[in-house]
Amino acid sequence: MSTRKYNIQKVAVLGSGTMGSQIAAHCVNAGMEVWLLDLKDEESENPNQQVLDNIKKLKEMNPSPLGLPEYADHIKPGNFTDDLDIIEEVDWVCEAIIEKMDIKKDMMSKIEDVRTEGTIVSSNTSGLPISEISEDCSDEFKAHFLGTHFFNPPRYMKLLEVIPTKSTADEVVEYMSCFCERDLGKGVVQCKDTPNFIANRIGIFSMASIMPYFFNGDFRAEEIDYLLGTLTGYSKAATFRTADMSGLDVIHHVATNLYPSIPDDERREVFDLPDTFEQMVEDGKHGNKAGEGFYKKVRTDSGKEYKVINPKTGEYESQIDPEFESATEAKKKFDTPEERLKFLVNSDTEVGQFLWKVHCDLLLYSANRIPEISNSVEAIDRAMKWGFNWELGPFERWDAIGVRESVERMQDQGLNVPQNVLDMLNSGRDQFYDKEKGTVYNLATGEIEELSPPAKGAIQVSTLKSNNKEVFGNDSAGLYDLGDGIALFEFRTRKYTLGFELIESLDKACDIVKNKFDALVISHDGDNFTYGANLMEAMGAWKEGDKKRVRKAAKNFQDVAVGLRYQPFPVLVAPFGRSLGGGVEFILHADKVVAHHELYAGLVEVGVGLLPAGGGTKEMLYRTMQQIIDDEQSDPMPNIKEKFKTIGMAKVSDGAPKAREYGYLRDSDSIIMNRDLLIADAKAEAKRMADAGYYPPEKPMIKVLGNEALSSLKMMLHIMHEANFITDYDKVVAEKVAFVMSGGDLSEPQEVPEDYILRLEREAFMELLEDERTQARIEHMLKKGKPLRN
């Protein structure tokens, strides 16, 4: 049966607590019509007061669950007593009430009384059996019922576990998986209806198996977090910081509920958590929400400090800087977590023994859960990467360590290795994944299968590479053939910085596209789009006295970035994550932008004592003046001041909706929810533009206000400086921005060519670069990673 009969546009979320209200917020972010219902408030004059209070909390949360604060006003409040009949007209009911089976079952019968046939109903639960929740309902209801387990916070956590029951119709599972992927932007993993599904089953086991090393006094909490953090491919929050974020009471609740429901689990006793941990929970040390858990934030004379608990005394003490010779050596020798992990588990040290034991526990436990919780190695790895932010999933870790040699070591130590892993080795295959061939071994069937894309229809650079689609490449960048006449330009530099070679490569790529392709997409597979210009490279050349090269590079950057607009083919930029400085200048000069909803974009150059000089200052001015002409406004100064503040305060958006508000994105640019579909969606848009017939625009004349604007902006800076809102040098840098945005020292308003503003930009940039205070800012940023306020 086709899934086209389902089309979710109206959603009712039942339960307005932490998860329910944030699921509602995320549905609003995705452009849906949303109702949020909860118990009737009998204490207040307004029966929906409880829901209204929880909607208000959404506006105050940081990081915000909402694309823009005003999105909260789009959520329609209601209560279970008066408004449950709204379910008649919605396309999806997402139940997110208290985690108690009897209450959830009672809610299902109430939903069934008012629900229209064909409406999809899901329960958001972290571990209750999904089939039991709907067992008293009709067959038609059960066919449209499943579990949707969002991870907290729903806007930011990628994982969504979709849990069908035996009664759920296949087309409902398929539609909901696609809908949650494309419309809500989630990384969907289909799970079996087993206790705690995939991520929490493996994740809580991992935490619980590590806890004894802390409570027995083998290592301090911050030492374990260092060793089991990004050093070895876990998350930045590692083990105990993750526990504090999740809530120690929640972890206790999950483990306590899990224990009786897994009588046949070979490691069941691990979920019987240490007595000292139980005591912490009893004492109210529930983690971040309580202000104390494994760590505690305390105010000191110098600001704030995170202290760490001593498991013997229960008191908090200052953290130490973890120092392990082998870990330091691993960091020096190896760039990737895979290499560091392999080196460390094989080192004959206390750290090596600890990491080896922890990984034996994790790897064997994960392999033993197939086929119980999933048939798929890939699903388990994705659940841990998307739900716990691990860099490497369990089976990717095993590949990194070396499956054959580690299995021999495990057997030498008398550990039971699952038969399915031995079968793989006996078949002659040494790894779960063969990334070059794009295959993965299925532990449930013994078959070798193709890797699945992270989202249906996703295009990944890694796949283009393995399919020999590279047209040209070097250490800084690559150009690929996407098919259908579309090319993709990829950044390859560290932190995706825009260095000399990358800019030259983009120039070369444009020449190739001109002759061989119909359109160009600029994007890549990394975590962030770009951190902006390569300051280290620029400062290095400057210090060596090669000022000519820096001047040439600045001109070249400007020519290439602004030149994107005047290429004889459409240029699409598909940004995501952090997109700073020069990255925004690429965005500003694209014919069209297809942006991920989580876009943290900003022209941040003033923080290092410079100004946007890749056409950024010019373009923000041009867009402001165009808007005034289009809106027939009489006084342009308020808008100019607003954009001046955006540049001068180095404002960074907290998502694509805010980037649009700041003027980095236009109304005609697209915002999509799923990061993995960016390149595919940008390719489709590029093809549409090329097929429609494309002609580049003429270079514009730009209206500038001259001294009228300059004096007004200088007065604004004077007031800010007098109020100690900006430093002496902030004022100097901002005055350069004001000079460019006014069109220089002109006696009256007039129209000037775009190239005139670009020249002002370059001159101001070079003047600032000559200043020792700018050089001090750049060096401070490179050393400390934060701005110097000189």
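Predicted model: local features only at pLDDT ≥ 70, side-chain atom pairs only at ≥ 80, totals over all residues.
Side chains of opposite charge can pair when their charged atoms come close. In this structure there are 53 salt bridges. I'll go through a few others.

Next, aspartate 676 and lysine 158. Their side chains form a salt bridge at 2.7 Å, N to O. What does this pair tie together? Aspartate 676 sits in the loop between strand 23 (670-672) and helix 27 (678-691), while lysine 158 sits in the loop between strand 6 (145-150) and strand 7 (159-164), so the bridge ties together parts that are 518 residues apart in sequence. Is aspartate 676 buried or exposed? Aspartate 676 has a relative accessible area of 16%, and buried means under 20%, so aspartate 676 is buried. Lysine 158, with 24%, is partly exposed.

The next pair involves helix 30 again. Lysine 699 forms a salt bridge with aspartate 755, and the closest N and O atoms are 3.8 Å apart. Here lysine 699 is in the loop between helix 27 and strand 24 (701-704), and aspartate 755 is in helix 30; the two residues are 56 apart, and the pair links distant parts of the chain. Lysine 699 has a relative accessibility of 51% and the cut-off for exposed is over 50%, so lysine 699 counts as exposed. Aspartate 755, at 44%, is partly exposed.

There is also a group of residues joined through shared partners.

Two packed helices are described by the angle between their axes and the distance between the axes. For helix 22 (residues 547-563) and helix 23 (residues 582-589), the axes come within 8 Å and cross at roughly 35°. On the helix 22 side, the contact involves Phe557, Ala561 and Val562. On the helix 23 side, they meet Gly582, Glu585, Phe586 and His589. By type, the residues of this contact divide into four nonpolar, two polar and one charged.

Note on methods: Residues numbered from 1 in each chain as written. Heavy atoms only, no water. Axes fitted to C-alpha atoms, helices over the stretch in contact; angles between N-to-C directions. Helix = DSSP H or I, 4+ residues; strand = E, 2+ residues; numbered from the N terminus. Contact = heavy atoms within 4.5 Å. Nonpolar A, V, L, I, M, F, W, Y, C, P; charged D, E, K, R; others polar. Salt bridge = Lys/Arg side-chain N within 4 Å of Asp/Glu carboxyl O. Buried < 20%, exposed > 50% of the residue type's maximum accessible area, 1.4 Å probe, protein only.
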